[in-house]
Amino acid sequence: MARGSVAVVGAAETSKMGQITEMSELQLQADAALNAMADAGLTAADIDGIATAGKPPDALAQYLGITPSWLDGTLIGGSSFMLHVRHALSAIETGLCTTVLIVHGESGRSRVEAEGFPEFIGGKLAGQFEVPYGASLPPTMFTIPVLRYLASHGLTPEDMAPVSVIQREWAALNPRATFKDPITVDDVMNARMVAYPFTLLMCCLRTDGGGALILTAADRAKDFPHLPVYVLGTGESAEGPLVSQLEDFTSSKASRLSGKRAFEEAGISHADVDHLMIYDAFAHVPLYGLEDLGFCQPGEAAEFIRNRHTAPGGRLPLNTNGGGLSYMHSGMYGMYAMQESIRQLRGTAPAQVPNANISVAHGVGGMFSVAGTIIFGTESAMQ
Amino acid sequence: MVDTKQRHLPRPTPETLHFWDGTRSGELRLQTCDDCGAVYFPPRPFCPECSNRNVSVFAASGRATLYSYVISNIPAPGLEPPFSVAVVTLEEGPRLMTNIVGCDQTPEALTLDMPLEVTFEAQSDEITLPFFKPAG
Ligand SMILES: [Zn+2]
């Protein structure tokens, strides 16, 4: 892939966020798509590639009035949309299509005609070997590795709490965030225990919402209303959905491989990164992410966060929208991480990071089963 | 501890039937590759290390250690909170998901690397699930 050959020229979230009982899941997708098209000054007639996760892309194309020459329905959990960006990049480069719309919409809270968390059929491997033991929902699946991680680094559950506290600080700066009131480490530790060692304040929200991106070739990117944001590098990898079969509970192999590939493609070092988004379905995921992406040595992410390097004013602003823990989490959060990267690089984020030119958005899909990494850059990052 | 009517039960497939036949007769069955010697789980009629189809089924020792877990306060079908959702490392190498039974469902009672042994509980005529309890 040529660095920066494709740019994001449209980006928007749903008009509302939180509890949206007046829209079906399909309409949440459409609401996000229409807002992104308006952002780019385009209509359905201008779109020839479409990607979405959770609902068939052809159903969404028909609803929106799009006739696609390229479709991608990759569904691998919350980081599906990172993979869509990566696949769209190669589709645009190879001429399969010119203008790709990537859409997420999920009625995660109100469940209005929602697809829902995948139903485990008894014959599937997870249905035979994991679900019977109660490993059937994210709080009892995504969370299982962490005690091994903490023990192997001499850490305790309390070392996860600053992740929630500091992301709440970012959320306080974001008018659209669901939760904005400050919290302390004690608040996090004393909150209701959901699944030891995770308290409620270490778990993501459940809300309704959506977001959409429009990508096209970089040589057209300056013809659109907003500053283009270029795709500098991408990565994806997978280990698979069986939590018990993950190679190492102290690190995500999919994240390591995805991140490494994206940094190599972008040709950047960690010191070049101005802004970082790491999918945070639970408080441990940013700790793994900081280490698996190479920003911290194994076991050092908790101290890095406690020392406020990722907090407002810190040298590596992380999850500046408040994240899945405080901003919103509809179920497949990856789209919102990329939306925040785009806002930061356009200079339009509520909690704007000064001089943000390179942003990394890292998505973890399923329960550490899949990872996708997108590195975005401004015009000046292209120099 | 088990509500057999409600717990989500496995539906064996042709590739996993030997495993569920095994648990019903008190054996925890693993597979090994006749070519490269890899021992693997979950069941499949080929080796995930070298893609060879010549594999054999054998009975594992049933000994394991506790690799990681959570203690769920969220109800699950047939499971009364608090219950552990655990991953154990079998003596033969592979890991599997289970519940730790026969001890308090507390962080104090559930210590990482504690020695465990398999115990079988019939859930229906067809399905017996393997659980693990402190080795004693
Ligand atoms: Zn083999």
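This is a predicted model: local features need pLDDT of at least 70, side-chain atom pairs count only at pLDDT 80 or more; totals for chains, interfaces and linings use all residues.
1. Extent of the interface. On the side of chain B, 39 residues are in contact with 36 residues of chain A. The two chains bury about 3,000 Å² between them, and carbon and sulfur atoms give 63% of that area. Three residues, B:H8, B:Y67 and B:M97, supply 22% of the area that chain B buries against chain A, which is more than any other three residues supply.

2. Polar and charged contacts. Between chain B and chain A, 17 residue pairs are in polar contact, counting pairs with both residues at pLDDT 80 or more. The rule finds one salt bridge across this interface. The side chains of B:D113 and A:R148 meet in a salt bridge, with an N to O distance of 2.8 Å. That distance lies inside the 4 Å limit of the criterion.

3. Helix 1 (17-24), strand 4 (63-72), strand 5 (83-90), strand 6 (95-98) and strand 8 (128-134) of chain B each give two or more residues to the side that touches chain A. Strand 4 of chain B provides the largest share, seven residues. By residue class, the side of chain B that touches chain A divides into 26 nonpolar, nine polar and four charged residues.

4. Strand pairing between the chains. Strand 4 of chain B also pairs with strand 5 (residues 193-196) of chain A, in the antiparallel sense and over two bridges. In strand 4 of chain B, B:S72 stands opposite A:A195.

5. Which strands form the open sheet of chain A, and in what order? Nine strands take part, in the order 3-2-4-7-1-8-11-10-9, with mixed pairing. Strand 3 (70-72) and strand 9 (275-278) of chain A are the edge strands, each pairing on one side only. From one strand to the next, the twist averages 20°.

6. Strand 2 (residues 49-52) of chain A pairs with strand 3 of chain A in the parallel sense over three bridges. Within this pair, A:G49 stands opposite A:W70 of strand 3. Helix 2 (residues 57-64) of chain A packs on the sheet, where helix 2 touches strand 2, strand 3 and strand 4 (99-107) of chain A. The direction of helix 2 makes about 125° with that of strand 2 of chain A.

Notes:
Residues are numbered from 1 along each chain as its sequence is written. Chains are lettered from A and ligands numbered from 1 in the order in which they are written. Side-chain values use heavy atoms; hydrogens and water are left out. Contact means heavy atoms within 4.5 Å. Buried area is the accessible area (1.4 Å probe) that two parts lose on being put together, summed over both. A polar contact is a pair of N or O atoms within 3.5 Å; within protein, one must be able to donate a hydrogen and the other to accept it, and residues adjacent in sequence count only if both atoms are side-chain atoms. Helices (H or I, at least four residues) and strands (E, at least two) are DSSP runs, numbered from the N terminus. Ala, Val, Leu, Ile, Met, Phe, Trp, Tyr, Cys and Pro count as nonpolar, Asp, Glu, Lys and Arg as charged, and the others, Gly among them, as polar. Two strands pair if DSSP finds at least two bridges between them. Axes are lines fitted to C-alpha atoms, for helices over the stretch in contact, and angles run from 0 to 180 degrees between N-to-C directions.
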